[in-house]
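Here is a short briefing for a first look at this structure. It takes up strand pairing, aromatic rings and salt bridges in turn.

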Amino acid sequence: MTYKAAVVGAAGFAGIECARLLLAHPSFDLAVVTSDALAGTPLAKAYPAFAGATDLAFRANDEAQADLASCDVAFLAVPHTASLGLTPQLMAQGVTVIDLSADFRLRDPVVYEQWYGVPHTATDLLARAAFGLPEVAADQLACAAADHAAGNAVLVACAGCYPTATSLAAAPLIREGLLATAGAVVVDAVSGVTGAGKKATERTHFCFADENLEAYGVGTHRHTPEIEQILGLEGRLVFTPHLAPLNRGLLSTVTLPVVAGTAVPSAEELTALYESFYAGRPLVTVLPAGQLPRTDSVAGTCRAHVAAVPDARTRSIVAVGAIDNLGKGAAGQAVQCANIVFGLPEDAGLAAVAVPV
């Protein structure tokens, strides 16, 4: 059985990656791709990598409404606030929504308004939205899958790229009760330039980004409350994102203080803990003790590599997670969540191995 799929906002980096994955998917049939800016332009003209693979052309959002309503699932790769209007409309038409934007990630609409500067206008859907980080929010996605199997349209709010890498690195330690009850949790994370979106800025223009590494959004990045919500770290997170001259890839390094009265686990004990936590999760690989994640090991995939290293001297643990910011950090994770909701194998249509060189 195949399901008719659409990508709204398909011209951007996350949207076009989603289109690429869906075109090769065994169970989703990509039928509609929208972009107001590129309406009428074939995908293969805007992105020559699609030459010979599809004859689809971008359509304006307004002109595609009837076809969107006939889809089984719509992937929304749109800026924040755009989903607030689109999602209720699509769900009312029976379309399941996999939202790559930030609009339904934060449970508290007050927090959303504080960080995004606009009021939340679809608060009734916040309680219905399943959080799209399968390895950490499996129960929510299982409920969404059951609701969908009962014939209902459901909403999945996919996690952001920084929260995904950070949470996958840190969650096993926090769920095990190893995190101290006080003290900051420090996250230093580095992303490739595609994480900033398609539109060039003075930071992301090639001449400024090449041969440069810089911190940005220090103390103000909008992924801060999302990470705090996932990991239960309200008021404790020091999050510093960095931009690196990479096309794609994200590495998050998390330093967590160990709870008082508990011995700092050995590297082998940490590896065993992580392997147990991620048992049965096909898209997370726990690296052996002594090996640390690299972005090039996951590029082009929806896979995450994680590892943790003890620092007995400071009674802390350093956890590291690597993902592709467009893969596990955006489009790949959206497809993974859709797989779960539609009762498909979790890794269906998702590459198992990165390009090795």
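Val187 has Val254 in strand 10 as its bridge partner. Strand 7 (residues 185–191) and strand 10 (residues 250–257) pair in the antiparallel sense, over six bridges. The model is predicted: local features need pLDDT of at least 70, side-chain atom pairs count only at pLDDT 80 or more, and totals for chains, interfaces and linings use all residues. Residues are numbered from 1 along each chain as its sequence is written, and side-chain values use heavy atoms, with hydrogens and water left out.

- Seven strands form an open sheet in the order 8-9-7-10-13-12-11, with mixed pairing.
- Strand 8 (214–215) and strand 11 (284–286) are at the edges with a single partner strand each, so one side of each has no neighbour in the sheet.
- Two strands pair if DSSP finds at least two bridges between them.
- Strands (E, at least two residues) and helices (H or I, at least four) are DSSP runs, numbered from the N terminus.

**Aromatic rings**
- The whole structure holds seven aromatic pairs (ring centres of Phe, Tyr or Trp, the latter by its six-membered ring, within 6.5 Å; planes under 30 degrees apart are stacked, over 60 edge-to-face, the rest tilted).
- Tyr3 and Phe28 make a tilted pair, because their ring centres are 6.1 Å apart and their planes stand at 50 degrees.
- Tyr3 is in strand 1 (residues 3–8) and Phe28 in strand 2 (residues 28–34), so this pair ties together parts 25 residues apart in sequence.
- Both Tyr3 and Phe28 are buried (under 20% relative accessible area; exposed is over 50%, partly exposed in between, with a 1.4 Å probe and protein chains only).
- Phe28 and Phe75 are edge-to-face, because their planes stand at 85 degrees, with centres 6.3 Å apart.
- Phe75 is buried at 0% relative accessibility.
- One aromatic cluster is formed by Tyr3, Phe28, Phe75 and Phe342.

**Salt bridges**
- A search of the whole structure finds nine salt bridges (a side-chain nitrogen of Lys or Arg within 4 Å of a carboxyl oxygen of Asp or Glu).
- Glu17 bridges to Arg248, with the closest N and O atoms 2.8 Å apart.
- Glu17 lies in helix 1 (residues 13–23) and Arg248 in the loop between strand 9 (237–243) and strand 10, so the pair ties together parts 231 residues apart in sequence.
- Glu17 is buried at 6% relative accessible area, while Arg248 is partly exposed at 25%.
- A network of salt bridges links Glu17, Arg20, Arg248 and Asp324.
- Lys328 forms a salt bridge with Glu135 at 2.9 Å between the closest N and O atoms, and both residues are buried.
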